[in-house]
Amino acid sequence: MTTVQPFEATDLFKLNNVNLDTLTENFPLEFYFEYLILWPELFFKSVEYTANSNSNHDISGYMMAKTEGKGQEWHSHITAVTVCPEFRRISLASMLCNTLEAITDSEPHNVNFIDLFVKCNNQLAIMLYEKLGYSVYRRVVGYYNSNEDGYPETLKKINDGKDAFDMRKAMARDKGQNIRKDGRKHKCYPHEVKF
Amino acid sequence: MVEKIEEDIFGLIRKSSFKQCFEKVNILKKNYPRLQYPNVLELYIKYKQSPLKFDYEADLGKLYGSNGSIVTVEHETLNLLHRFFSELENFEEALHVYEKANAKYPSFELSYSWFEKALEDSNYKHMAKASLQMSKFETAAGSLESRDFYFWNAISTIALFEFRTHNLTEQEVKILPLLTYKNLCNCKPFRSTQEVIVFSSVCEKLFPNDRSKSDDILKEITPHLTDSVDLYLKNFMLKHIGSNNPDLLFSNCEKMLNKINDYDLLKSLVTSGKQLGKSKDELINLIDSLLTDSRNSRLIRLEIDLVFDLTISEESLRHYLSKFHNKQCCSADLLHYKNSIDKDMLAGLISSFDDSDVIHASNIFKMKLNELDSVEYYNRHKNSLLEKVETDYSANSIFILDIVKSLTQKDEEPLIFDVVLAVSILENYQNKDSHNYDTNVWLIALYMYLGLVPLAYSHYQDLKVRNVQTDSMDFLLYSRYSSLFPQKQHDFIMKTLPEHDELYKSSLERLPQLINVSFERKAYSKILGMLDFRQRLEKSDTRWLKLSEKAQLARLCNDKRSLLLENLHVNWRTVTNSAFKQWSDNRDWSIFGPDIDRNRLPAVLGYMNLNRDWIELNILKEFMIESIPNNTESPKLDANLKKVIANRDLNEILSSSFTTMENWSFRTFYDLYSNNGTNLNTLLEELDFDKLPSGTWKLSSDYLTCLATLKTLDNFKRITDKKTKQLIKSNIQNLRDSCDERYRSYQKLLTQVCNNLKSHDGKGLLEKLEFLPLEADSLVKHVLVVQKAIRNL
Ligand SMILES: CC(C)(COP(=O)(O)OP(=O)(O)OC[C@H]1O[C@@H](n2cnc3c(N)ncnc32)[C@H](O)[C@@H]1OP(=O)(O)O)[C@@H](O)C(=O)NCCC(=O)NCCS
């Protein structure tokens with residue numbers, strides 16, 4: 001029983017069932033506010049009516065996204081999508097992604113495509129996005145490099161734990177310009193994915 | 001130049017070097033004879049020098065107050081006046097200086113400063129007035145136009161009505177909504193969805209139950225529903241169409257369901273569909289054609305059954321279960337409908353599905369349809385723990401928590417044996433499901449119960465709690481921390497606590513600025529939530545319990561307290577700066593499971609059972625301690641105490657919210673503050689160290705609360721009676737002398753308990769689960785860490 005609702009700043013007090021997850025980022029307050037301020041329509045949550053009435057945990061997941069790029073590159077970007085363990089494997093993440101698509105594939109956003117970055121070894125997430133119609137557009141070498149790793153010097157050295165796939169799903173208005181059949185073979189540096 | 005001198009002067013005030021302050025002000029006066037600033041600064045210094053002698057009306061009010069003779073537009077002076085009036089808790093006048101300046105010398109910049117200050121103060125009334133003033137200027141700042149400020153005004157007005165932080169006159173209640181509405185109507189046509197949302201919110205919130213305003217909303221939002229998807233507009237649409245227009249509701253829901261999957265839309269589609277005479281099958285077929293097969297589309301069949309037949313059919317239930325019997329959502333979903341589902345039918349249906357999956361079993365268990373007990377279920381499914389991906393969570397935790405809770409979750413104090421047994425079980429389980437936080441939070445709480453803070457801390461680290469999350473989670477670790485583990489060199493206090501405090505120090509302070517940006521960037525729909533968020537963070541229980549603990553820690557360690565107290569006063573002032581002071585309990589009690597009721601916590605969670613009385617009285621205790629040495633009355637403090645006690649019996653409050661020792665400590669200071677210490681000797685004689693608890697968190701808590709109190713008393717030069725002084729000193733000595741022995745006995749007790757685990761009742765349970773008993777070494781070692789921290793105080 002899920003309804004999709006706008007995310008409000010006060011929701012940050014009740015996200016523990018979602019954000020205590022080890023793979024989910026806990027961003028600084030300012031970062032959440034940046035999204036609320038700049039892309040108010042693209043930060044939303046899934047809410048469960050069936051959560052226990054005693055419980056503070058009625059939010060089952062959320063989507064944080066933004067729009068960016070110019071001209072043909074105008075697109076929405078998924079910054080974070082996450083679902084709490086109790087409501088996993090019932091297509092909520094898929095539903096959140098589909099909602100973002102519905103919102104940004106229409107007025108006033110009208111994006112050409114949606115993209116996201118995922119670690120090349122996160123097979124699970126890659127599968128999720130592929131099911132939703134996303135495909136690899138390029139491989140960003142060293143996207144997840146730490147300070148010690150430094151900036152990648154070459155595109156020849158790849159590492160599934162450090163590189164990201166830039167995955168994209170094109171909207172009809174894009175006319176297929178942002179899809180590549182052989183995306184996995186295209187490599188680029190992290191600075192090339194800044195918009 | 002002025003700023004530099006101001007900074008110097010504030011430094012000198014802090015050091016009480018008033019003579020130098022006046023010298024510096026005289027230089028300013030000479031250099032800037034036409035500025036008001038040095039005059040106000042001089043008054044401010046006078047006030048700081050002897051606040052009680054300061055005659056508010058004659059010295060300040062008559063010149064700069066609401067009816068004062070001087071109006072200034074100097075930026076620094078307005079700022080200083082604002083600070084001055086705020087310190088005097090004259091919050092209205094603090095902003096009124098801006099209002100007055102704007103009335104006499106109107107300018108955009110001045111009204112903007114007014115708005116900024118009002119926002120800083122969370123004074124929505126002044127924000128509303130200031131933004132209306134801003135709308136009068138054609139040339140506004142940057143990309144903003146004068147019409148934009150009507151939206152600022154509307155949001156501020158809604159906040160004023162929603163949060164009711166300031167009193168409203170009858171006249172205002174009548175006029176303000178009408179004025180706001182009219183101003184927005186003049187802004188039509190609206191240029192963005194954000195503007196439509198503000199207009200709709202004004203109609204909805206300032207004119208509740210007004211049908212014509214609902215029609216206004218619908219008129220504005222309808223054109224947007226066809227070409228865009230907006231979640232706020234969806235909510236307005238659902239709320240305002242009303243039951244007499246099922247056609248429109250039905251067609252709008254159908255349109256939107258084509259784009260998004262949403263239960264609210266589904267429900268309205270069903271109710272309006274029924275009103276229009278559609279059959280069950282028609283609705284089911286329509287929904288199946290609109291949505292992909294999903295949880296919502298299967299659950300809505302239960303709802304359709306209820307709407308049409310008032311009972312849930314076997315067919316719908318089977319349809320739902322066939323896909324979701326082994327998904328975790330299943331028990332939550334069906335428990336929601338439990339009053340409409342025949343239990344035998346459910347039991348029969350669910351047992352017809354493959355039961356090899358641990359999630360299937362956990363659902364049966366949660367719905368109380370179980371045939372086995374939690375130990376048996378765990379044993380049946382424990383092998384699934386070996387197969388799962390490391391970062392996934394196992395539903396086996398449900399059985400484990402059931403075992404743990406049945407051992408420890410009681411109204412009365414649990415047996416130490418049971419707690420240690422539960423810890424053993426959780427430690428073993430955590431090794432197999434390392435990221436599971438449902439179990440980890442209990443492990444932390446149980447270690448805290450045992451007073452083993454360093455062990456709790458290490459598990460808390462695994463949760464990686466940070467940023468805003470600290471406000472809702474830190475109570476697990478930092479409730480009563482100054483009397484549980486006051487080890488300042490430990491990361492617990494030296495690293496993690498200051499890192500987490502950044503939320504209140506830097507992020508909270510930046511909020512007004514961020515909210516201001518939200519106005520400027522026209523993120524209107526989010527601003528009410530942000531304003532609410534800020535108030536809740538400012539008045540957060542966790543924030544205040546940490547502040548009061550910090551003050552007690554400083555006393556315990558004989559640290560300097562003047563800056564800390566100054567800070568406490570400033571913060572306290574901000575929370576009192578509203579007529580409707582509301583505290584906010586953001587602590588996430590749900591993290592312990594749905595069966596935990598904050599108002600009836602089991603004894604095992606007692607260390608974190610700190611209610612509002614506890615928090616407020618402890619802050620006021622620090623203020624009492626501050627004023628005891630001067631033996632001066634503090635009308636403000638008296639008023640605050642009166643407000644908290646609120647015609648109740650203080651002793652009753654203390655005995656229901658404080659531990660016996662905390663109660664004694666409070667009464668001791670209260671007696672000194674309000675009764676000149678008449679009963680001090682009796683209170684000191686009341687102490688009976690033989691009665692101190694022999695273990696758990698209560699041992700440290702009582703010991704340290706007592707020690708902190710005695711040490712503070714010992715530092716009061718005001719206590720001159722020899723006998724009393726001697727009594728204090730000998731009590732401190734006796735207490736300290738007993739420290740090692742107390743903790744040694746506790747170590748022995750824990751060793752004994754661990755040995756019993758290997759031989760007695762516990763063994764059977766642990767063996768059944770194939771778990772190892774906890775080794776005494778680890779517990780004893782950490783009692784020693786706590787003991788060492790305490791011994792040196
Ligand atoms: C990844 C995550 C968002 C998936 O959420 P979800 O709501 O359970 O995902 P969905 O139910 O929509 O899954 C869609 C598909 O993804 C795949 N998938 C998702 N979780 C999976 C898992 N634990 N194991 C295997 N496959 C999985 C499956 O193919 C699944 O389809 P299926 O259930 O029909 O087999 C959730 O596990 C999560 O919040 N993880 C932590 C944060 C995170 O990693 N975010 C993604 C970063 S890129």
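On a 1 Å grid over the protein atoms alone, a cavity is a set of points where a 1.4 Å probe fits but cannot get out, and its lining residues have an atom within 4 Å of a point. In this predicted model local features need pLDDT of at least 70, side-chain atom pairs count only at pLDDT 80 or more, and totals for chains, interfaces and linings use all residues. Residues are numbered from 1 along each chain as its sequence is written, while chains are lettered from A in the order in which they are written.

The largest cavity is lined by 13 residues, and Glu549(B), Gln552(B), Trp614(B), Asn618(B) and Lys621(B) lie nearest its centre. Among helices (DSSP runs of H or I, at least four residues, numbered from the N terminus), helix 34 of chain B gives the largest share of this lining, 4 residues.

A backbone N or O atom of Val83(A) lies 2.8 Å from an oxygen atom of the ligand, whereas for Val81(A) a backbone N or O atom lies 3.1 Å from a ligand nitrogen atom. Taken alone the ligand exposes 900 Å², of which the protein buries 81%, with accessible areas coming from the Shrake-Rupley method with a 1.4 Å probe.

Note on methods
Side-chain values use heavy atoms; hydrogens and water are left out. On a 1 Å grid over the protein atoms alone, a cavity is a set of points where a 1.4 Å probe fits but cannot get out, and a pocket is an open set with protein on both sides within 12 Å along at least five of seven lines; lining residues have an atom within 4 Å of a point. Helices (H or I, at least four residues) and strands (E, at least two) are DSSP runs, numbered from the N terminus. A polar contact is a pair of N or O atoms within 3.5 Å; within protein, one must be able to donate a hydrogen and the other to accept it, and residues adjacent in sequence count only if both atoms are side-chain atoms.
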